[in-house]
Amino acid sequence: MAMQPREQEWSAWMAAALVGDEIAYRRFLEAVTPHLRVIARRRLSAFRLGNQDVEDVVQEALLAIHLKRGTWETHRPIGPWISVIVRNKLIDALRRRGHRVVVPIDDVVDLIADERQDVSTDGQDIERMMDHLKPVQRDIVRAISLDGSSVRDTAARLSMSEGAVRVALHRALRSLAAIYRGGTT
């Protein structure tokens with residue numbers, strides 16, 4: 001599936017931002033914010049809610065994009081990555097307003113760290129689940145998902161390529177999702 005021209009531009013700006021281009025990052029955020037607002041407004045109205053929560057969802061989505069920008073894979077389309085983040089923040093807003101929202105785990109298994117970040121979880125449970133991972137996977141998950149390190153910094157610290165870190169993170173999160181669901185790794 002071909003990317004729309006605006007998504008190609010967003011991808012180029014985000015890729016440049018990931019290597020330290022602050023101007024490209026500002027352009028990306030300024031360009032994507034109106035899109036986030038449209039998505040949030042449309043999805044909130046589908047639940048018959050007014051626009052009072054739109055800006056909260058947009059701001060939370062922007063913060064999540066900022067915090068998780070290192071998880072975006074430059075060879076993948078950026079539009080779906082952004083949409084999932086907005087959807088997750090919308091779900092959070094609906095839950096705060098008392099709506100029950102059910103999202104199939106298969107829809108978010110690759111982003112399980114984003115979902116778990118907002119859930120209050122006993123640290124012992126996390127450590128117990130992490131004990132099932134290989135030491136390198138455990139280190140990568142701890143660095144990126146829990147401590148907020150970038151893929152680049154983690155790769156440099158572990159003397160691995162960024163691609164290898166992303167693959168290891170993906171596999172580790174998939175294993176953690178299986179453990180969380182009661183399966184095995």
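The following is a conversation about how the terms applied to this predicted model are decided.

Colleague: What do the numbers and values rest on?

Modeller: Residues are numbered from 1 along each chain as its sequence is written, and side-chain values use heavy atoms, with hydrogens and water left out. Because the model is predicted, local features need pLDDT of at least 70 and side-chain atom pairs count only at pLDDT 80 or more, whereas totals for chains, interfaces and linings use all residues.

Colleague: How many helices and strands does the protein chain have?

Modeller: The chain comes to 9 helices and 0 strands, where helices (H or I, at least four residues) and strands (E, at least two) are DSSP runs numbered from the N terminus.

Colleague: What makes the pair of tyrosine 25 and phenylalanine 28 stacked?

Modeller: Rings of Phe, Tyr and Trp (its six-membered ring) pair if their centres lie within 6.5 Å, and planes under 30 degrees apart count as stacked, over 60 as edge-to-face and the rest as tilted. A search of the whole structure finds 1 aromatic pair. The ring centres of tyrosine 25 and phenylalanine 28 are 6.5 Å apart and their planes stand at 15°, so the pair is stacked. Both residues lie in helix α2 (residues 22-46), 3 residues apart, about one turn of the helix.

Colleague: Why are tyrosine 25 and phenylalanine 28 called buried?

Modeller: Buried means under 20% relative accessible area, exposed over 50% and partly exposed in between (1.4 Å probe, protein chains only). Tyrosine 25 has 14% and is therefore buried, and phenylalanine 28, with 0%, is therefore buried as well. By contrast, valine 19, found in the loop between α1 and α2, has 59% relative accessibility and so counts as exposed.

Colleague: Which residue lies over the face of tyrosine 25?

Modeller: That residue is arginine 69, at 5.4 Å from the ring centre; the rule asks that NZ of Lys or CZ of Arg be within 6 Å of the ring centre and within 35 degrees of the ring normal.

Colleague: How do you know that arginine 37 and glutamate 55 meet in a salt bridge?

Modeller: A salt bridge needs a side-chain nitrogen of Lys or Arg within 4 Å of a carboxyl oxygen of Asp or Glu, and here the N to O distance is 2.5 Å. The pair links distant parts of the chain, with arginine 37 in helix α2 and glutamate 55 in helix α3 (residues 54-68), 18 residues apart. Arginine 37 has a relative accessible area of 25%, so it is partly exposed, and glutamate 55, at 34%, therefore counts as partly exposed too.

Colleague: What is the N to O distance for arginine 166 and glutamate 162?

Modeller: Their side chains meet in a salt bridge at 3.9 Å, and because they are 4 residues apart in helix α9, about one helical turn separates them. Arg152, Glu162 and Arg166 are linked in a network of salt bridges.

Colleague: Why does the span of helix α9 agree with expectation?

Modeller: The expected span is 1.5 Å times one less than the number of residues. The 19 residues of α9 (residues 162-180) should span 27 Å, and the end C-alpha atoms are 26 Å apart, so the values agree. Helix α7 (residues 135-146) has 12 residues and should span 16 Å, and its end C-alpha atoms are 15 Å apart, which means that this helix agrees as well.
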